[in-house]
Amino acid sequence: MAAQIFGDMATEEKAENARLASFVGATALGDLVKSTLGPKGMNKILQSASTGEINVTNDGATILKAIQLDNAAAKILVNISKTQDDEVGDGTTTVTVLAAELLREAEKLIAQKIHPQTIVEGYRIASRTALAALEKAARDNSYVSMTFYLTMGAEDLSLKRQNPEQFRKDLFNIARTTLSSKVLSQDKDYFANLAVDAVLRLKGSIDLEHIQIIKKVGGKLTDSYLDEGFILDKTIAANSPKRIENAKILIANTSMDTDKIKIFGARVKVDSTGKLAELERAEREKMKAKVEAIASHGINCFVNRQLIYNYPESLLSEKGILVIEHADFDGVERLSLVTGGEIASTFDRPDLVKLGHCELIEEIIIGEDKLIKFSGVAAGEACTVVLRGSTNQMVDEAERSLHDALSVLSQTVKETRVVLGGGCSEMLMSCAVEEASRSVKGKKAIAVEAFARALRQIPTILADNAGFDSSDLVTKLRAAHFEGQTDAGLDMDLGEIGSMKRLGVTESYKLKRQVVLSASEAAEMIIRVDDILRAAPRKREAV
């Protein structure tokens, strides 16, 4: 008889029950998001139970973050989706679906009495083979070929000259492919160009903080545009100048209200109105001295994160200083980054304060709102994307879509290799894994074949979501790859097999590699589980 070692409310699931709970939870999560995969994927409506706020999206990471889960394995898939989003910015649905399909195949193998460790070993062999095939298929168009240097007689072949036209075309195709499954798919060429222009302005940097996205409801999606410089969603103070050239900017986070006593619970008692007038006069003199200290920096623009009351605002305006108040923390941080200034909170030593600079500050109007535009900023790569749309939900989803495209492009600038999309890469890896399974001995070979079947599920789901006959299309695609048509993929417009190279369906190599790595590692982790322990909730001690 087994001894009870757990507390009253602690639970334990063992062996088959633990595995079944893990597989059921993970495959259910995969089934939830797989209908959003691909250019013909469907949207989900996410409604908050507390606020009633509505989001309409087909972004895997957004959907998975919004749902409350109790299943441990499902939570692991949510975590790999977040990792994919942080690492690359796109492929969140793909990684979840692939991990779920690997676990679905593993469940069938365990039902055939194949040990979990054997399945894990087979998956590892298959994962290595798939990644090797993907790397072999990747191509890099950011440089002119070596043949060019041999024919030109270049002395140092390591100094390869870049091929910007072909690389820009690759980036454009990647952006089009990323946006084809988003709300921006109808205008994907327009937004792909916009995203490529924004990322190329970064000049090789992957810091997306230099790209500001401002959302303004109104107009249509194609009214969105890319603007050089930085736009702050605030208004200039009433009596300040509305336009300044060669701006010297002091960015601050300081209290500019009347200097009250800042000790909680403190009170000041006076016995006459004269004493009260003296206090107010002292406060005004203190604020006047603070304004003089700010003006001594030789600035013509003052941006403060906190409120600026009327008295200090009028003093600054009299000195010809443009005043911007209550700039939120994100805006102040980004403004300091792009103008080259530092955020100050004390003003006693002007020589130690680093000011921001830009060529022009002016007030602009977008729709019915007034905003402030900083042109010719110190960080020349800074730019702002202004997104327009008919509803808040449309603009929010457009921002998520554009963020995915910008993230993938910024990573591609760093890792310049690209692969073909449209199910081509998955089928290529599947065929390579299937070929490798013939040389694997023992039951591990069955697990390797299962990995190949899971990879084939990606083009199958793409075809199903478009309403095509997936059985017919995927078998034709598989045959095409075995015949040597390595660029064959699914043409989702015509519902047939087409050349992905000709159609320009291109994806980032880093994205695909991360999908296979994350999905296989998560699947291996869940397959090895044989016990689920749930701790009892901590009881609150009575005081």
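1. The largest nonpolar core holds 95 residues, and among its members Leu 77, Ile 119, Tyr 123 and Phe 451 touch the most others. A nonpolar core here is a set of buried Ala, Val, Leu, Ile, Met, Phe, Trp, Tyr and Cys residues joined through side-chain atoms within 4.5 Å; buried means under 20% relative accessible area, with a 1.4 Å probe and protein chains only. Helix H14 (residues 444-465) supplies the largest share of this core, twelve residues. Helices are DSSP runs of H or I with at least four residues, strands are E runs with at least two, and both are numbered from the N terminus.

2. The model is predicted: local features need pLDDT of at least 70, side-chain atom pairs count only at pLDDT 80 or more, and totals for chains, interfaces and linings use all residues. Residues are numbered from 1 along each chain as its sequence is written, and side-chain values use heavy atoms, leaving out hydrogens and water.

3. Phe 451 touches Leu 102, Tyr 123, Ala 126, Ser 127, Ala 130, Val 433, Val 516 and Ser 520, leaving aside residues up to four places away in sequence. Contact means heavy atoms within 4.5 Å. Another core, of 22 residues, lies apart from the largest one and includes Ala 247, Val 338, Phe 374 and Val 377.

4. Leu 360 belongs to strand S11 (residues 356-366) and is buried, at a relative accessible area of 15%. Its contacts, not counting residues up to four places away in sequence, are Arg 243, Ile 244, Glu 245, Lys 373, Phe 374 and Ser 375. Leu 360 and Phe 374 are 14 residues apart along the chain, with 5.9 Å between their C-alpha atoms.

5. Helix H4 (residues 92-111) has 20 residues, of which 16 are buried, so H4 is largely enclosed by the rest of the structure. At 1.5 Å a residue H4 should span 28 Å, and the 29 Å between its end C-alpha atoms agrees; the expected span is 1.5 Å times one less than the number of residues. Just after H4, Lys 113 takes a positive phi of about 70°.

6. H4 packs against helix H5 (residues 116-137) at an angle of about 140°, with the axes 10 Å apart. Leu 102, Glu 105, Ala 106, Leu 109 and Ile 110 of H4 meet Pro 116, Ile 119 and Tyr 123 of H5.

7. Overall, the protein has 17 helices and 18 strands, and 48% of its 543 residues count as buried.

Technical notes
Buried means under 20% relative accessible area, exposed over 50%, partly exposed in between (1.4 Å probe, protein chains only). Axes are lines fitted to C-alpha atoms, for helices over the stretch in contact, and angles run from 0 to 180 degrees between N-to-C directions.
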